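This report describes a protein assembly in terms of its interface, its symmetry and one of its sheets. The sequence and the structure are shown first.

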2 protein chains.
Amino acid sequence: MKKLINSPETVVRDALFGMAAAHPQLVRVSVDPVFVVRADPPSPGRVALLSGGGSGHEPLHAGFVGRGMLHAACPGPIFTSPVPDQILAATRAINNGAGVLYIVKNYTGDIMNFEIAAELAQAEGIDVATVVTNDDVAVQDSLYTAGRRGVGVTVLVEKIVGGAAEAGADLEHCRQIAERVNGEGRSIGVALTSCIVPQAGRPTFDLGADEIEIGIGIHGEPGRQRTHIRPAAEITKLLADAVLGDLPFRDGDHVLVFVNGMGGTPLIELYVVYGELDRLLRHRGITIVRNLIGNYMTALEMAGCSVTLLRLDDEFIRLWDAPVHTAALRWGA
Amino acid sequence: MKKLINSPETVVRDALFGMAAAHPQLVRVSVDPVFVVRADPPSPGRVALLSGGGSGHEPLHAGFVGRGMLHAACPGPIFTSPVPDQILAATRAINNGAGVLYIVKNYTGDIMNFEIAAELAQAEGIDVATVVTNDDVAVQDSLYTAGRRGVGVTVLVEKIVGGAAEAGADLEHCRQIAERVNGEGRSIGVALTSCIVPQAGRPTFDLGADEIEIGIGIHGEPGRQRTHIRPAAEITKLLADAVLGDLPFRDGDHVLVFVNGMGGTPLIELYVVYGELDRLLRHRGITIVRNLIGNYMTALEMAGCSVTLLRLDDEFIRLWDAPVHTAALRWGA
């Protein structure tokens with residue numbers, strides 16, 4: 001295993017140290033328990049947004065802490081849920097009386113630990129609401145998930161609800177917007193290679209020299225189809241068909257397209273996929289009005305990508321366009 | 001070879017199609033000859049900045065076309081210089097009477113083709129100046145280079161001179177600032193894996209299961225040392241020592257640190273390296289006042305990173321902080 005790390009035991013801590021050193025104007029890092037919060041104190045009367053999950057998906061979630069997006073992120077060990085203590089401590093740190101919205105990807109460990117944290121916080125009088133993202137159309141149940149997995153739409157929820165929270169929406173309104181974004185978004189991924197979890201030291205799964213896996217999870221959970229490598233246009237069509245048919249998206253829809261790299265795929269390939277999607281959606285009468293292309297929710301150094309489509313309305317567009325200033329996403333600020 | 005491409009022959013064109021589709025508000029793509037220009041017409045009386053080089057280093061350079069950075073980029077085939085026709089056509093497209101500055105990385109093919117284009121443009125009455133970046137301290141001559149290679153500092157030149165051009169600096173002033181940035185910047189890279197050029201279909205070079213190469217070039221050109229994988233702290237020290245001793249950087253210096261991913265390295269590892277650099281520079285009395293961390297000048301899916309240090313003065317800081325709005329770099333706009 002060749003990685004730019006000091007040791008499997010310290011990689012998350014070392015990376016957070018680097019992040020704190022790099023962005024002191026944006027974030028503060030708590031070491032025990034581990035969480036990342038905005039450097040600026042919460043605005044009075046504003047709902048605070050908290051997300052978290054296993055590490056190894058960077059910049060998710062700590063890279064999205066900052067103005068217009070998250071107030072705190074709780075990183076667990078690589079591909080492992082954070083524990084309730086972390087979540088509770090972060091909740092206390094960011095609560096300003098208007099309540100805290102948990103944005104949780106649908107994985108069994110995360111669901112359980114965020115639920116426990118929510119109960120503990122509520123016992124302390126902190127108002128907590130939770131939204132669970134489950135946008136991955138690939139499979140119904142999965143290795144670490146009952147129901148669908150939460151993937152790319154999580155980034156979009158964090159941005160859009162971040163805009164709403166910044167504008168003063170109350171906790172119930174924030175929760176409703178988050179549910180609506182999750183409801184209007186669908187995703188699917190493809191892996192060209194596996195990744196190596198540092199503590200395991202070997203690939204999570206094996207793919208043949210010409211094999212790809214459609215519907216892969218962001219921890220390498222099995223997808224829906226193993227097939228051979230083929231032109232990007234065909235792979236993109238497989239991904240798009242799965243996503244489009246599920247909601248379903250329709251002629252006349254306005255969408256945000258998110259082409260997300262899994263960590264080991266060069267940007268040039270993500271633009272090839274985006275170009276194919278543009279052609280394909282145009283052909284179906286679906287208009288792309290916003291897009292996001294890059295490595296935002298990764299699976300360590302896995303090669304591959306995921307495609308997320310979100311059906312947009314005017315409120316989503318306005319909140320998507322609202323200023324954001326985080327380590328990984330920045331505009332208008 | 002597994003890549004998200006349609007074919008080795010069309011990958012650059014397909015990616016540019018995707019880029020044009022994704023960012024119509026930022027760029028226009030010319031197909032024959034191939035170049036990328038800003039969507040907004042050049043401001044009257046402003047110097048125009050043009051860069052280019054082989055593809056496979058995305059987002060460099062097309063991802064840096066936009067307000068506050070480049071006016072045009074000329075992408076060649078993967079790892080191959082653009083030809084004079086492309087450069088000349090782009091030069092004509094962006095010249096507004098105040099002249100065009102070519103920002104050229106020091107590789108033999110690029111130097112030759114940009115020189116020819118400059119002569120042709122000058123014969124048409126267009127004022128052209130050129131700056132050549134050669135910041136890589138790894139080796140003196142290299143596979144495609146007489147003298148040092150141009151690497152990470154190129155991104156910093158494009159941003160800082162972009163700020164100057166936007167503010168109305170004339171061609172000679174822009175050229176001088178570019179020379180100064182190049183003179184005050186030093187870089188070195190490390191590879192953990194090779195990359196596969198699509199048209200070749202096999203790795204550019206071979207590295208053993210536990211081997212890394214210090215001083216690698218962005219096309220896989222040989223570095224200065226093959227060694228075994230070791231903790232990130234030690235690798236970072238090897239890189240930092242090479243860079244620090246070369247200028248040399250001194251106690252009291254204020255610097256910008258650029259930790260650049262080679263394309264296949266996850267962000268979590270880049271933050272580990274940044275954290276080590278922060279510790280190490282602090283210890284030497286060098287203050288990091290700006291930083292940039294991410295995949296900005298890649299070598300397809302190579303795993304590894306490069307480290308660039310730029311000694312800052314007030315003018316550099318002011319121009320670095322100036323608004324920029326490109327596909328790959330955006331702030332204040």
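## Interface between the chains

In this predicted model, 59 residues of chain A are in contact with 59 residues of chain B. About 4,500 Å² of area is buried between chain A and chain B, and carbon and sulfur atoms give 63% of that area. Three residues, A:Lys2, A:Leu4 and A:Ile268, supply 20% of the area that chain A buries against chain B, more than any other three residues.

How many salt bridges does the rule find across the interface of chain A and chain B? The number is zero, although A:Lys2 is among the three residues that supply 20% of the area buried by chain A against chain B.

## Symmetry of the two copies

In general, a rotation about an axis and a shift along it relate two copies of a chain.

## The open sheet of chain A

Chain A contains an open sheet formed by six strands, with the order 1-2-4-3-5-6 and mixed pairing. Strand 1 (27-30) and strand 6 (128-133) of chain A are the edge strands, each pairing on one side only. On average, and with direction ignored, neighbouring strands of this sheet are turned by 20° against each other.

In which sense does strand 5 of chain A pair with strand 6 of chain A? Strand 5 (residues 100-105) and strand 6 pair in the parallel sense, over six bridges. For A:Ile103, the bridge partner in strand 6 of chain A is A:Val131.

## A histidine in a loop

A:His71 lies in the loop between strand 3 (48-55) and strand 4 (72-78) of chain A. Is A:His71 buried or exposed? Its relative accessibility is 7%, and because buried means under 20%, A:His71 counts as buried.

With neighbours within four places in sequence left aside, the residues in contact with A:His71 are A:Val36, A:Val37, A:Arg38, A:Val47, A:Ala48, A:Leu49, A:Val65 and A:Ile94.

Note on methods
Residues numbered from 1 in each chain as written. Chains lettered and ligands numbered in written order. Predicted model: local features only at pLDDT ≥ 70, side-chain atom pairs only at ≥ 80, totals over all residues. Heavy atoms only, no water. Pairing = 2+ DSSP bridges. Helix = DSSP H or I, 4+ residues; strand = E, 2+ residues; numbered from the N terminus. Axes fitted to C-alpha atoms, helices over the stretch in contact; angles between N-to-C directions. Buried < 20%, exposed > 50% of the residue type's maximum accessible area, 1.4 Å probe, protein only. Contact = heavy atoms within 4.5 Å. Buried area = accessible area lost by both parts, 1.4 Å probe. Salt bridge = Lys/Arg side-chain N within 4 Å of Asp/Glu carboxyl O.
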